[in-house]
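Thanks for coming, everyone. Please take a look at the structure on the screen, and I will walk you through it.

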Amino acid sequence: MYQWRKFDFFEEKKTKIPEEIESEIRCCSSGRGRIVLGTEDGFVSLLDRGLQLQYSFPAHSSSVLFLQQLKQRNFLVTVGEDEQMPPQQAAVCLKVFDLDKRQEEGSSASSPDCIQILRIFTNQFPEAKITSFVVFEEAPPIIFIALGLDNGCIYCIQGDVARERIKRFKLEVDSGQSSKSHSAITGLAFRVDGPVFQLFAVTPSSVSLFNLMAQTPVGQTLDHIGSETATVAMSDRLELIIGRLEAVYFYEVDGRGPCWAFEGEKKCLGWFRGYLLCVIADQRTGQNTFNIYDLKNRLIAHSIPVQEVRHMLCEWGSIVLVMQDNSALFFVEKDMESKLDLLFKKNLYPVAINLVRSQQADAVATAEVLRKYGDHLYSKQDYDEAMAQYINTIGHLEPSFVIQKFLDAQRIYNLTNYLEKLHEKGLASKDHTTLLLNCYTKLKDVEKLDLFIKSEDEHKFDVETAIRVCRAANYHEHAMYVAKKSGRHEWYLKILLEDLDMYDEALQYINSLEPSQAGVTVEEYGKILIEHKPKETVQILMRLCTEEGSSSGSFLSMLPSPVDFLNIFVHYPQSLMEFLEMYTNKVNDSPAQVEIHNTLLELYLSHDLDFPSLSQTGNNENNGLRSNGKIYSDDVSEEKDRLKRHQKGLLLLKSAWPPEQEQPLYDVDLAIILCEMNSFKEGLLHLYEKLKLYKEVIACYMQAHDHEGLIACCKRLGDSGKGGDPSLWADLLKYFGELGEDCSKEVKQVLTYIERDDILPPIIVLQTLSKNPCLTLSVIKDYMARKLEQESKLIEEDRVAIEKYQVPKDGYLPIWDLKDKNDHYKAWK
């Protein structure tokens, strides 16, 4: 073991035991923040953390052989010699003291209550020399006491000792020798693992294990070699530790385990926080050395020459050695940072890494050590090993720190390795994905690129970033693979259409998608498809909007609406018109009928389909070349096309507003505006008539000076018997009166209807027509003569009626006249 490195991971401090303790120290124990010493004169002394004497008391009259400070209760168990009668005999007894109950006897000393005294040896348990003593606290108040004797027996006391509710029994160790000779018990140790309760027993010739849960415990021999000295301890892994001259051995329940060849006589053994404590005497010089072994990391955490050691304790997070000269050595472990600094100064990074891992330091602290080791290797230009350390820091060290170091092109392989591990652990960002793919493309490592892109783990990289980088590097196949696998249809189509100009393949791909997904992709890329493949794109739209074979209203409400795709036709109105016409011919009850009809009206009534600032190609139909939605042909063809569209518009205005409906299937206000903007008189007249805006109808005729049409319109719309508005004739008369030209013929026709329906008084007619200087009196001569004659007749009829009902001068009428005129008088009332 001379090859093990030695370090100073512990700080040592020497302290003197109080001078009040003059007698030889026979035994000691620790617990509950104190050290308890038993001396040759029978006194027990309690020391605090500073090894200051708290108090002493006489526990036994002769000598304290063994003692144990309990942890769960503040009890002290001692074994010592007390004088008996006759005086020449001595008896060994066991006492239990309650340290919480003290009887003050003076200022310098106080004694705790002795709550129980037991005689160890009885007729059934013959007296022998006690060589070993251990106490185990079961569930309070039960304790288990085992006393090893020099005759190879173990006396056991179990129960509530304070109340003497106990049971005693004896265990015998099979030494493997003749029955006449027995080996002394040199060491005892309890092993408790859940419900399993066992006892190790060591003699010079054997190591045994007793199952104390059995009704009659029987020893199981683990080894036929024991230990001559009481160098026995228990590890925190429930292993028995035995020190022999040639090595230190570990025992488990099934026998001997690992051993460590630390040569020399083992004076004391102990275990502290995973460290093996060992006082070894050199065989040649006899010098004692106290070593603290870190078995996991195969190093000596501390080593110091010492004088004769009597006892070894662990308390207050420290190791305490009680020396022969009544002094004490304290060993306190340094903090992790101090130990690591010591290792870093010596560039012992592997040792530091093993140390933090063995002591279960947090992941951040471990990563920091790995980083420093990586920096050390990097400074030595050992880039491969440095990267191996940096990879172990993933998840705790900022990746940019490592990436910055390896951005040099000569270290691109190391950088690629780091980025791969970063993705494997799911900690890569979009930038890391971009960088890794750029590394692959720069190295032209298609095999690794395939492996990365076609990995089954879809969450180890950002999909969109991978697509974008592969596309930028012209690895279109890889970009399309990722897009298709991840369902990023928009990226798949973007590559087909914008990079590869594969329009037919794009249309086939859209056809293979679900309707909802296909609709989204067409909305985004429909402009490109309409430009290059108008017919095929319109067919796809028809399939999406009608879902061939289904025409029910409830189902149509779930399908995309043509209105959703209007934006893709913004540069191609001719294709839009054809699409909407196909749709309306197939679907009669679309939820978006109003919007569709509004769009069609705008297309039909526009002066032309020309948008000069935009272009349209690839749409060659009929006899002319279409570009920008315009058909380049002679003026006659343009006019024919315009008239044809106007006819379609007028037909739509009429068919979309059937007589039985109060409101049309289009926006009336928008339709009126379109008709006015494009001077579409027929449509405007139809809308005004449907809206019963008759005055606006005749205003259109007046504006066009269409006198025949104007009179015909008034005949049709001014007949009150058919629900018309007779006041239209008055407006018509006013129009002719203000016309300023000879319109005698038309005025005579108007006067005929005014006279027939008695629309205006003659005086108003006369005043209205007098404003037109081109009209002569002869125009209204006959009309006025007839009206005067009618007035004369009415005057005469009124005069006769007045005379008939006039009252006589004397104010009385005959009685019979009153009866006959009863109704007449009622009217007067």
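**A buried lysine and what surrounds it**

K494 counts as buried, at 18% relative accessibility. Buried means under 20% relative accessible area, exposed means over 50%, and partly exposed is in between, with a 1.4 Å probe and protein chains only. K494 sits in helix α11, residues 489-499. Helices here are DSSP runs of H or I with at least four residues, strands are runs of E with at least two, and both are numbered from the N terminus. What does K494 touch, leaving aside its neighbours within four places in sequence? R471, D499 and Y525. Contact means heavy atoms within 4.5 Å.

A quick word on the source. This is a predicted model, where local features need pLDDT of at least 70 and side-chain atom pairs count only at pLDDT 80 or more, while totals for chains, interfaces and linings use all residues. Residues are numbered from 1 along each chain as its sequence is written, and side-chain values use heavy atoms, with hydrogens and water left out.

**Strand β24**

Next, strand β24, residues 275-281. Seven of its seven residues are buried, so β24 is largely enclosed by the rest of the structure. Both faces are covered. On one side, Y275, L277, V279 and A281 are buried. On the other, L276, C278 and I280 are buried.

Which strands pair with β24? One is β23, residues 265-272, which is antiparallel to β24 over seven bridges. Two strands pair if DSSP finds at least two bridges between them. G270 has L277 of β24 as its bridge partner. β23 and β24 form a hairpin with two residues between them. In that turn, R273 has a positive phi of about 50°.

The other is β25, residues 288-294, which runs antiparallel to β24 and is joined to it by six bridges. Here L276 stands opposite Y293 of β25. This hairpin has six residues between the strands, and G286 takes a positive phi near 75°.

C278 is in no disulfide, and the nearest cysteine sulfur, that of C268, is 8.8 Å away. C278 is buried, with a relative accessible area of 0%. Now C28. Its closest cysteine sulfur is in C27, at 7.2 Å, which is too far for a bond. C28 is buried too, at 13% relative accessible area.

**An open sheet**

On to a sheet of four strands. It is open, its order is β2-β29-β28-β27, and the pairing is antiparallel. Why is one side of β2 and of β27 left without a neighbour in the sheet? β2 (10-16) and β27 (309-315) stand at the edges, and each has a single partner strand. From one strand to the next, the twist averages 20°. Axes are lines fitted to C-alpha atoms, for helices over the stretch in contact, and angles run from 0 to 180 degrees between N-to-C directions. β2 pairs with β29, residues 327-333, in the antiparallel sense over seven bridges. In that pairing, K13 has F330 of β29 as its bridge partner.

**Two helices side by side**

Now helix α8, residues 446-453, and helix α10, residues 476-486. They pack at an angle of about 10°, and their axes are 10 Å apart. That makes α8 roughly parallel to α10. The cut-offs are under 35 degrees for roughly parallel, over 145 for roughly antiparallel, 65 to 115 for roughly perpendicular, and oblique for the rest. From α8, the contact uses V446, L449, D450 and I453. From α10, it uses H478, Y481 and V482. Those residues divide into five nonpolar, one polar and one charged. Ala, Val, Leu, Ile, Met, Phe, Trp, Tyr, Cys and Pro count as nonpolar, Asp, Glu, Lys and Arg as charged, and the others, Gly among them, as polar.

**Backbone exceptions**

Last topic. Most residues other than glycine have a negative phi, and most peptide bonds are trans. K444 is not a glycine, and its phi is positive, near 55°. K444 lies in the loop between α7 (430-443) and α8. Buried or exposed? K444 counts as exposed, at 63% relative accessibility. Q381 is another non-glycine with a positive phi, about 65°. Its loop lies between α3 (363-379) and α4 (383-391). Q381 is exposed, with a relative accessible area of 58%. Finally, a cis peptide bond joins P140 and P141, with omega about 10°. P141 lies in the loop between β11 (130-137) and β12 (143-149).

Terms used: A disulfide is a pair of cysteine sulfur atoms within 2.5 Å.
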